[in-house]
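Could you walk me through the charged pairs of this model in my viewer? Tell me what to select at each stop and what is there.

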Amino acid sequence: MVERNNKFSAPLRRHVYGGHSDCRGFGRFLIIVFCLLALPAWAQNPTADVRKSFIELSTDKAELYVQEQLLLTVQLYFSNELIRGELSEPVSNNAVIESLGPQQEYSRVRGDQRYRMIERRYAVYPQTPGQLSLAPLEFEGSFRGANGRLQILRSSEQLFDLPVKDIPPQFSGSVWLPATGLTLEESGLPNDNRVTSGANLTHQLTLRANGLPDATLPPFPAQTASGLRSYPEPAKRATDISADGLMSILQQASALVPVQAGELRLPEVRVPWWDTASDSEKVAIIPARMLVVAPGSDFNAQAQVQAQVRAVTAIDEKLNNSAGDADPESDTNDQGSPGGGAFWPWLAMFMAVGWGITAGLFWRAKRSRYRANKAIEGNFGPDDSRLYKELLAAAGNNNPDTPRLLLRWMNLQYPDKGFQSWRQVAEFCHLPPLTDALAKLEQRRYGTEQPLEDKASNNPAQLQQAIRELGRRPASPAANNGLSPLYPPTIDASQQ
């Protein structure tokens, strides 16, 4: 019989029930001893299964419309000081992908492990309805272990497929504009809508859209009306890139000249768009205007000018007649004198020659600048001359984005090569100074503790000289025939 309230006082006590013995107390003792022995071994290595590197992907929405902006965030975590590293770019066959600025670097703690984290953001625009699929993102890097040997890190992650909806049938616009916000503004017209005939007015329309590139914005309709002359200027487009996506601007300025007095009606401007936040159609409107055109006051001024012209003409005729009636000898003497009429033709000729020399020098200087610009564009192409200047500036400042800019520029020069990393560029170019300079720049990017001699030898002038030498080489013939790459190249370059 077991004593009450004394269950754990005698753990080795044996109980007999119907001829069978029970050792439950002894079993509990063995379990406790096993846990006490296993706990120190587990506590000594709590992070045995911690990953050295991994990738996390996230989006701002689970479904979207065709050509709607999707914000993709890529985060790379790694726990070691990398000697080199290369993270691939998101790629899709049915979407346009734009990089949203340079990558950001942070320090994060996951569990009990501290990681260095690199974050990149992209704007993805699916071009066809159905499913949006992205290729897996892969990372490969190397670090030196505790034993001094070089070890390789590899990680891969793929975004789940997202459903892409087609244009809603109830959308009434002719151009599909899915955006989170769209505004339409005008300026340049008087507030009281009163103008005079012949006045010069500058009417400007401005369209701003959040979540769309500027190329998708439709042009404004022409401001046509009876009694109005319109002289539109070329439209200006711009795109502001931030971590929150793209914000595009379209501006159209037109010179308006009323030529008839009375009432003049400017038609309204309507831009239908689809609000992706409320999932409904909205219309940005500039209402119609009725301008009251008063007769211009320039009629009296014109009459005065014509009267003055007639008076001056009459005086000239009188002077010519009096000069014709004068003595020929005195006329000859007057022309030969320093103050005679022969002085004025020589002065006019001298001024004409001076203006001609000035115009010739100005044309020559302008021609020299034009030839210099054409030489640059002839070597690099009109689309990548600006990118080449940015590349040289980044190389001179030891900018970590130098490998990314070099990769983009080389893909423009040799579109048939399809470079994926600047290591492929180095192997193709066979420039040891370029390889060494980019290797040192990569070590500064991924590592925080390098020898002093490595930091001192990282000379930006060496990298600039290597890039200039590379720029003197002729580009591939396909570089002038094809368009610019649709997808941005690899941002994070690599080196051994």
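A salt bridge here is a side-chain nitrogen of Lys or Arg within 4 Å of a carboxyl oxygen of Asp or Glu. With that in hand, welcome to the tour; please keep in mind that the model is predicted.

**First stop.** Select R116 and E105, which form a salt bridge whose closest N and O atoms are 3.5 Å apart. The two belong to distant parts of the chain: R116 sits in strand β9 (residues 113-126) and E105 in strand β8, 11 residues apart. Colour by accessibility if you like, and E105 comes out as partly exposed, at 40% relative accessibility.

**Second stop.** R110 is partly exposed, at a relative accessible area of 35%, and E56 is partly exposed at 27%.

**Third stop.** Next, select R84 and E140, a salt bridge with its closest N and O atoms 3.3 Å apart. R84 lies in strand β6 (residues 82-87) and E140 in strand β11 (residues 137-144), so the pair ties together parts 56 residues apart in sequence. Is R84 buried or exposed? R84 is buried, because its relative accessible area is 7% and buried means under 20%. E140, by contrast, is partly exposed at 29%.

Notes. Residues are numbered from 1 along each chain as its sequence is written. This is a predicted model: local features need pLDDT of at least 70, side-chain atom pairs count only at pLDDT 80 or more; totals for chains, interfaces and linings use all residues. Side-chain values use heavy atoms; hydrogens and water are left out. Buried means under 20% relative accessible area, exposed over 50%, partly exposed in between (1.4 Å probe, protein chains only). Helices (H or I, at least four residues) and strands (E, at least two) are DSSP runs, numbered from the N terminus.
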